[in-house]
Amino acid sequence: MANTDQTWDQECDVLVVGSGGGALTGAYGTAARGLDTLVIEKTGYFGGTTAYAGACLWLPGNQAQERDGVADSADLGRTYFRAVVGDATPQELQDAYVDGAAATVTFLEDNPHVRFEHRPFPDYYAAPGRFEAGRGVFPVDLPAPGGPHPLLDAVRPPAWADRLGLPAPDGPLTDGRALIGRLLLALESTGNGRTLLHTALTRLITEAGRVVGAEAAHDGGTRRIRARRGVLLAAGGFEANAELRREWQDLPGADWTMGAPGGNTGDALIAAARAGAATGLLDEAWWCPSLRFPDGSAAFTLGLRGGIFVDGSGRRFANESLPYDRMGRRMLAAKAGTTPDNPVWWVFDDRFGDELPGITVVPADRQAFTAAGLWRTADTLDGLARQIGVDAEALGSTVRTFNGYAADGVDADFHRGEDPYDRFFVADVATRAPGAADANPCLVPIESGPFHAVQIVLGDLGTKGGVRTDTRARVLREDGLPIPGLYAAGNTTASVSGPHYPGPGAPIGSAMVFGHIAAADMAGQEADR
């Protein structure tokens with residue numbers, strides 16, 4: 001839509017929409033180069049879904065790896081990334097990500113507020129160039145400020161606190177919250193960065209085909225913001241928009257996403273499409289098995305220490321220890337856990353007490369899960385089968401077969417425990433089958449009642465389809481030409497990894513690299529590679 005009214009409520013050089021890892025990397029990048037930068041965030045918290053994350057960043061060949069003795073490089077990362085992603089996305093886009101990773105870390109660490117370190121976390125595929133020990137880097141924990149700090153106090157609480165309605169914990173900011181806190185401090189230190197919470201993008205303003213600003217809802221009114229150099233859209237995906245998910249994905253996944261509440265409704269994507277942007281991968285997401293909650297929501301679940309997943313037939317259908325996106329895709333293929341009436345059941349025995357044998361948001365009220373029918377318990381497997389509506393003979397046979405695999409140490413059906421990723425979340429020796437000291441620690445038998453079944457559904461960490469971009473993070477039209485003045489990064493874009501999740505930190509890592517590239521381009525520079 002062309003702008004015929006030249007009045008503006010606010011002006012800046014660069015407008016950044018969103019406040020996750022990609023948005024704040026871009027905002028710091030322009031502010032550090034002397035550009036007046038304004039960040040608008042729809043909710044009352046900074047950080048989006050990045051604040052929920054463990055904040056592993058897949059950025060091959062960077063100086064933080066080198067400091068910690070990890071011999072990685074862009075070429076090694078490219079070999080692996082290309083082996084996994086193939087030609088699902090443009091090769092030049094993949095190269096821009098991999099070649100820009102090290103420079104992004106170097107640029108950020110030039111600011112004293114930003115620091116990364118390597119921690120083990122295996123790549124997700126057995127492919128050439130894989131690092132079994134992991135190549136990801138993490139933000140160093142950020143000490144709590146000595147007193148109130150307007151920016152750090154507004155960092156979104158961690159997922160477990162936010163989902164359970166609890167305040168953010170005292171002490172240092174860790175994981176994704178540390179990344180957001182460090183980037184906010186870096187932005188503040190430039191003297192060129194401003195932020196506005198509770199400010200939602202409603203449309204982009206164009207003149208002669210160029211994006212020159214945006215309208216945003218703020219304080220009950222509309223604010224017109226001029227952006228002299230450009231607009232960076234990095235506001236997440238559309239995972240919380242049930243209508244768009246039904247239209248583009250044919251899934252009722254809006255209630256089961258781990259996307260941070262209040263945002264991620266596709267506002268930036270819709271605004272860009274109305275401005276002429278091409279889109280892609282709209283049927284895709286960063287999938288994950290998720291624990292269903294009594295309120296209808298669900299929480300990301302990984303790192304199983306025990307139990308098996310069975311579908312409506314009472315049988316296993318995949319290696320339960322697969323990386324979460326790969327497990328989610330197995331659920332999609334099996335049509336298991338994709339709707340409320342075809343759940344997956346996580347079956348395990350009582351050796352874990354009242355704990356769930358995996359990593360997830362811990363249920364605050366076990367009885368609420370039981371009352372909602374999401375946690376079933378019985379003294380026998382036959383009784384459990386009746387409760388969850390599966391064939392008792394099939395479930396019994398499945399468990400007997402699995403217990404045999406646990407005793408032998410080999411999962412002949414799905415090879416659980418053979419991959420380094422499986423073993424990264426290794427079960428305790430005490431949970432192994434008696435007398436099987438050398439057994440596969442990922443195969444924990446299901447032997448003695450009471451037996452439990454907990455409902456698992458197909459969730460996600462966010463959608464990964466959106467506007468198409470080029471190697472300079474410019475948003476493209478349907479004819480392949482860039483829309484002047486418009487940039488995008490992160491889940492607002494069609495992901496550089498296509499329908500794959502190569503390794504821990506690929507979503508945030510790629511968002512940060514393209515945020516960095518966009519910043520350099522808006523400043524009239526070429527990003528280092």
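1. A word on the model before the details. This is a predicted model, in which local features need pLDDT of at least 70, side-chain atom pairs count only at pLDDT 80 or more, and totals for chains, interfaces and linings use all residues. Residues are numbered from 1 along each chain as its sequence is written, and side-chain values use heavy atoms, with hydrogens and water left out.

2. Helix α1 (residues 21-32) packs with helix α6 (residues 175-190) at an angle of about 20°, their axes being 9 Å apart. Helices (H or I, at least four residues) and strands (E, at least two) are DSSP runs, numbered from the N terminus. Axes are lines fitted to C-alpha atoms, for helices over the stretch in contact, and angles run from 0 to 180 degrees between N-to-C directions. α1 and α6 are therefore roughly parallel to each other, a label for angles under 35 degrees.

3. Now for the residues in that pair. On the α1 side, the contact (heavy atoms within 4.5 Å) is made by G21, L24, T25, A27, Y28, A31 and A32, and on the α6 side by I180, L183, L184, A186, L187 and T190.

4. Next, look at strand β7 (residues 210-218). Of its 9 residues, 7 are buried, so β7 is largely enclosed by the rest of the structure; buried means under 20% relative accessible area, with a 1.4 Å probe and protein chains only.

5. E215 in β7 is the bridge partner of R203. Strand β8 (residues 221-233) runs antiparallel to β7 and is joined to it by 6 bridges, with T222 of β8 opposite A217.

6. Helix α9 (residues 324-334) has Y324, D325, R326, M327, G328, R329 and M331 as its buried residues. Among the elements covering them are β10 (285-292), β13 (344-348) and β15 (451-463). Just after α9, K335 takes a positive phi of about 50°.

7. Finally, A378 lies in strand β14 (residues 375-378). Its relative accessibility is 10%, so A378 counts as buried.

Notes: Parallel < 35°, antiparallel > 145°, perpendicular 65-115°, else oblique. Buried < 20%, exposed > 50% of the residue type's maximum accessible area, 1.4 Å probe, protein only. Pairing = 2+ DSSP bridges.
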